[in-house]
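Colleague: Could you walk me through this model? I'd like to go question by question.

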Amino acid sequence: MSQGTVYNIQRMSTKDGPGIRTTVFLKGCPLHCLWCSNPESQLFTPQLLFFRNLCTGCGACVRACRSGASSMEEGVSRLDREQCRDCGACALVCPTRAREMSGRLMSVEEVMAVLRKDALFYENSGGGVTFGGGEPTSGGQFFLDLVEASVLEGWHVAVDTCGFCPEERFHKVLKMADLFLFDIKHMDPEQHKALTGQDNALILRNMRAALLSGREVHIRMPLMPGLNDSEENITAMADFFGTFGRHEIEIMPCHAFGRNKYAALSLPFPAVEQYTPEALQRVRERFARHGLSTVIV
Amino acid sequence: MQLAKMTSLGEMKIPQETEELLEKVYKKWKNRTCIALNNKMYKDKYGVNPAQYSKAGMYYDNVSVASGSGIADYPKALNKGLRWVVDDLKQRLRDCPTTLDNKERHDLYRAMIVAVEAVIAHSHRYAELAEKTAEAETDPKNKAELLEIAEICRRVPEYPARNFREAIQSFWFVHLAIEVEQMACATSPGRYGQYMYPFYKKDIEEGKLTREQVITLLKFQWIKHMELGEYQGGSYAKTLSGHTGQTITIGGVDADGRDASTELEELLLETQIRMRGIQPTLTLLYHPKLKPSYLNKVVECIRGGSGQPQILNNTVVIERNLARFAQYKDGITLEDARNCGNYGCVSTGICGKGSFITQEDQPCLAKVVELLLNNGKDPSTKKVVGVETGDPREFKDFEELYGACKEQLRHLFTISRHHSDLSQMARLQVVPSVFRSVMYDGCIEKGMCEEAGGTRYPQVNPIMTAGVDAANSLLAIKHLVFDTKKITMDQLLEALKANFEGYEDIRKMCFEAPKHGNDYPEIEAFVQRFYHDVDEIHSSIGPDCFGYRTPLDAYSLSYHNYFGSLMGALPTGRKAGVALTDGSVSAMPGTDHEGITALIKSGAEAIDTVRYGANHFNVKFLPSALEGPQGARNLIALIKTYCDYGGSHIQFNCVSSDTLQHAQDNPQEYKDLVVRVAGFSAYFTRLDRGVQNEIIKRTEYAG
């Protein structure tokens, strides 16, 4: 059976599709969006997170560290990222979970064992399982095996995707999964590349395929002040989705909830602005003028 | 005396003269109470003063307080009237053979007639006062209202109620009389929304009342329930927090198994939404046939944040009734088993035909672990009150230790059972309840008062607390001392003795050790094994004072707080004096990290809820997690799945902004707290402080 890196399995997940769900977060993403709120999901390998506010200075990490990356400084633990090899020895002994590994290599069967635990909750709530990330489709065969196994269990399967996925693989997923939470970031290829590191040609081809597949597709857009909310981009979106008879998108306005995770990875927090309620309202009206209604998720 | 003035509404203000009177009453009764007699009887019979056991915190001797809790036959007063009851009693007295073996019966009927006449006279005093006040009243509207009050109080509860207004008054006079005779916790109105429904339906159909007027009347009733308070001593105040447990049961099925819920019950929910009161409390008997619109009203009430209604699994309650009463001489009918209700707190029984004896001693299971680790000696009182099961350092393996634990359990249950059974004799002698016996079916027919087992389905409810603390303690010892050998028994004992002072590392290990509530199969299997053994040992002590096997009621009230104050540190990582775990299948605070579905599965399966008399499960949630129609459906799905897994009781409490504030200040205690932030769930303690502040602000839900 195939294996892959999973960085979280969230039981009682309620916003990633209908009902009570379990969401599997696969680690690794081919895009690197400026505003990413889950920075620990970008790399495909396990990484150490260090939440300084939870450290009580017991020193267990220093004793466990095999690479000399951990030391004590004024009664609190310190982490030298240059030295750290993300081996996770400190996370195993940290009593407060201030240090924690993000990402674990798991087999399909191991993931399925966790998913099966809440099967009755899915059934009673009209829920199911969701695969997210990172970018779940980047999990390759591991991801396809998980989707297939879930479909065989009779569960409702949702895929939360950015659409940057080889077409052949994407078409396989379209045949199996029930619901796609499909992100769209920008309509202009150059702008898209500037914001995410990749252009949008492949994404738009997959989006077309999804919209024509007959599967349920929720079009989702991370909305970033000054980055993708221009008149021009919104016009292009309305035109594109209008040809498929789609006039509603789900928007996710920029937020700062990932801030502590950037700190935990010793990464600088990206300088992305946030909307004031009034500014957000103006942007939503801009969508509405072009015939796209918006729902905040 | 000061503590005794605590009620469910807070500290009670009592005038000086009343306080003096209470002091006089206290002195007069000091050595003549049930508990005094009970302890003397125990010493005479077993040669030991039992006070040492309760002082050590092995059990709470509830015998000092009034007994008799359950659901009276209110429909009898509403539909037949108390005059009919007096006539019936007079006839029975005449028919009773005048032989010496019938002396008790004669006395009881005579006393009952006096009591029922007194209740009727009490209502007439209200009528007289209203008439007198009306005479002096000049405002015609007020005058008419007073005369209506007078008419109603002349009519009920003496004669059958003719409309909703009379029915609500009749109900209240009867309920008040029962409470006044013996102010006992858990005197419950039962299926109020069902026996009151015919009166409601008639008035609504005839256009005599509007729904809004009904809600106004119910609001008045809510206030009356809150006026009642119990004054039964300091430790009682501590263990019950002044809770009066007047519980209205809604939902459930009728005698033929059909959905019994009514429109009036939706108005009870609406009244609770508007009143946000703490008395009466509402309990839903959940079953899959309840209408979606009705369930939505339930969800609306739960979301209001008062924790109401709490949920009981109707299927489990019926099975429990069938199992429990099958052993009784006359068995039980299916119809009676279905006519069940919540007696108060979380325990269950038959409406109108049964009551339970609360004066059972109420054992603390966590104490068993403390005695086990101290070779039977209580560390605080320094007395050997348990079994000398040997130096804990000498146990070769976990099974040997577990065997010793079972010996301690057997000892605890034996003492509490002996003490409890004698307490019933003491109560029968000191404070038999007469009017209550009139109102609980079976007592009149058998000519026996409630305390003697006169009701059709009498039951004893031994409330048992802190099972999760005991099981978690044993799991920690197994994991740390025997399986991983991270520490020795000696190190553990030293750390516990020092209340973990200077042993912070051991405390952390203890706290991190496997705990109930995470749906880890092997851990939950042990919790289930422990609860199974507890029940088996308790049953093996022998039958209760009525001669039957008594199911254990596993729930906490505020006992987890009371017993916690009497206990030293535990291998769970809990420090001395701190409250134990609430409920009986809830997770120890801060130790459930797999989310609410894992907690619900673990909680539902921990106890065999049919074999036991109750389980008790509190779940906390953030209001924002269950917003909107999908949120409502999810909440209902959580309830349904909990019931599918065989759980008996579940109560949802909203996490308040105060809790979040506390979590921000004490992140160690809230590792499990998951909050929903835009688009994803996150552990609260790992969020940026600014984001935390925002969520705290957002969580200040109305009320």
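Predicted model: local features only at pLDDT ≥ 70, side-chain atom pairs only at ≥ 80, totals over all residues.

Modeller: Residues are numbered from 1 along each chain as its sequence is written, while chains are lettered from A and ligands numbered from 1 in the order in which they are written.

Colleague: What is the strand order in the open sheet of five strands in chain B?

Modeller: Strands here are DSSP runs of E of at least two residues, helices are runs of H or I of at least four, and both are numbered from the N terminus. Two strands pair if DSSP finds at least two bridges between them. The edge strands, which pair on one side only, are β6 (247–251) and β16 (618–621) of chain B. With mixed pairing, the order is β6-β7-β8-β17-β16 (chain B).

Colleague: And what does the twist average from one strand to the next?

Modeller: That angle is taken between axes, which are lines fitted to C-alpha atoms (for helices over the stretch in contact), and angles run from 0 to 180 degrees between N-to-C directions. For this sheet of five strands, the average twist is 30°.

Colleague: Which residue of β7(B) is the bridge partner of B:Gly251?

Modeller: β6(B) and β7(B) are parallel, over five bridges. In that pairing, the partner of B:Gly251 is B:Leu285.

Colleague: Which helix does the chain go through to cross from β6(B) to β7(B)?

Modeller: This is a β-α-β crossover, and a right-handed one. Right-handed is the term if, with the strands pointing away from the viewer, the path from the first strand over the helix to the second runs clockwise. The helix, residues 263–275 of chain B, is α13.

Colleague: Which residue in β8(B) stands opposite B:Tyr286?

Modeller: β7(B) also pairs with β8 (residues 310–313) of chain B, in the parallel sense over four bridges. There, opposite B:Tyr286, stands B:Asn313.

Colleague: How many residues of domain 1 of chain A are in contact with domain 2 of chain A?

Modeller: The bounds come from an automatic or database domain assignment, which gives domain 1 (3–45 + 103–296) and domain 2 (47–102) of chain A. Their C-alpha centres lie 31 Å apart. Contact means that the C-beta atoms of two residues, placed from the backbone, lie within 7 Å. Seven residues of domain 2 are in contact with the domain 1 side, whose count is 11.

Colleague: Which element gives the most to the side of chain B that touches chain A?

Modeller: Across the two chains, 30 residues of chain B are in contact with 29 residues of chain A. The elements giving two or more residues to the chain B side are α23 (504–512), α26 (596–606), α27 (628–644) and β19 (680–683) of chain B. With seven residues, the top contributor is α27(B).

Colleague: Where is A:Met12?

Modeller: A:Met12 has a positive phi of about 55° although it is not a glycine. With 25 C-beta neighbours inside 10 Å, A:Met12 counts as buried. Its place is in residues 3–13 of chain A, strand β1.

Colleague: What is omega for the cis peptide bond that joins B:Val156 and B:Pro157?

Modeller: B:Pro157 sits in the loop between α7 (140–155) and α8 (164–181) of chain B. For the cis bond joining B:Val156 to B:Pro157, omega is about 5°.

Conventions
Buried ≥ 20, exposed ≤ 12 C-beta atoms within 10 Å, placed from the backbone.
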